[in-house]
Amino acid sequence: MDQKHTPNWGWMLYADFYLSALGGGLLVLASLTSLFYGPQYVNVATFLAPIVAMGLGSSLLLLELGHPFRGWRVFTNPKSFLTLGASIMTISIALSLLLASFYISNVPWSQSTGLRNLLSVLATLTGFGVAFYPGLLLGRMPGRPFWNGPLLPPLFLLSGLSTGVALFCLIDKIWPTGAQFGFCSFNILNTLFMAAQLIGWSTYVYLKRSFASPKEATALRDAFAGGRGLLFWGGFVGLGLIIPGALYLTCGAKAAMLAHLLVLIGALMMRGFVVTADHSVSLEFSR
């Protein structure tokens, strides 16, 4: 069913994109850490948090689209892009739950290293898909010139991975694994993610300004007008990228904690900016 939906571009839509990517990024990081460093460096909370984030995000999207009790219909059209996204999300949630079960001692498969590694690989792949999908969904909508182009999906993916690193470190601070781990390396990794985002967004804006169609140029100008421009440059770029990057490079524990929080806040501001930019036409979802 094709349904035209004219949303108010409220908080539920970009909160869904934010929470889904956060859950996907965290699942990727937790799975790779377990796979390459060992399960002792991850705990059950690290695999339960993606379930909460992705589940809450999905619920907000259903509320935004309307008719939440008919949400099951999103799985009924194999050709629909929403069906693809919902399927990847559901598989990711199931894999997160299975990986969390390995931390329950009386579960029969809890000592199966081969099964754990297989699930970690699958969770990594689907986690990438969850973090990548929102940008791909927006980029496929020709009625929104600001969203069009190949760079938006990888920018959303980088943001999801960056927030995943931040949340992973915060969870370990609250619920320590007890294993000695080089979290300074994670800080440097997140600095690289944020540097890539800064370069990517600079390239995105440059290409829109230099080679875009008249409609895209108008959309770009409107997107950065007024408070939305401040939200992007001051909130996302300043508070969410530049300041955390500087804090991470100190490798100080307190500075890193503040940096993690700023990364999470800045990524939410970025989603709000992108979703509310260029909102002059209706949004069409194909189910």
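The model is predicted, so local features require pLDDT of at least 70 and side-chain atom pairs pLDDT 80 or more, while totals for chains, interfaces and linings use all residues. Residues are numbered from 1 along each chain as its sequence is written, and side-chain values use heavy atoms, without hydrogens and water.

Helix H5 (residues 152-174) packs against helix H9 (residues 253-276) at an angle of about 150 degrees, their axes 9 Å apart. H5 is therefore roughly antiparallel to H9 (an angle over 145 degrees, on a scale from 0 to 180 degrees between N-to-C directions). The crossing is left-handed, that is, the near helix is turned anticlockwise from the far one by less than a right angle. In contact (heavy atoms within 4.5 Å) are residues including Leu-155, Phe-156 and Ala-166 of H5 with Leu-261, Leu-264 and Ala-267 among those of H9. The residues of this contact comprise 13 nonpolar, 5 polar and 2 charged.

H9 also meets helix H8 (residues 226-248): their axes come within 8 Å and cross at roughly 155 degrees. This pair is therefore roughly antiparallel as well, and H8 passes H9 in a left-handed crossing. By class, their contact has 18 nonpolar, 6 polar and 1 charged residues.

In helix H7 (residues 214-223), Glu-216, Ala-219, Leu-220 and Ala-223 are buried (under 20% relative accessible area, with a 1.4 Å probe and protein chains only). Because these buried residues fall within an arc of 100 degrees when seen down the axis, they line one face of H7. Pro-214 and Arg-221, on the other side of H7, are exposed (over 50%).

Notes
Helices (H or I, at least four residues) and strands (E, at least two) are DSSP runs, numbered from the N terminus. Angles under 35 degrees count as roughly parallel, over 145 as roughly antiparallel, 65 to 115 as roughly perpendicular and the rest as oblique. Ala, Val, Leu, Ile, Met, Phe, Trp, Tyr, Cys and Pro count as nonpolar, Asp, Glu, Lys and Arg as charged, and the others, Gly among them, as polar. The arc is that of the directions from the helix axis to the C-beta atoms.
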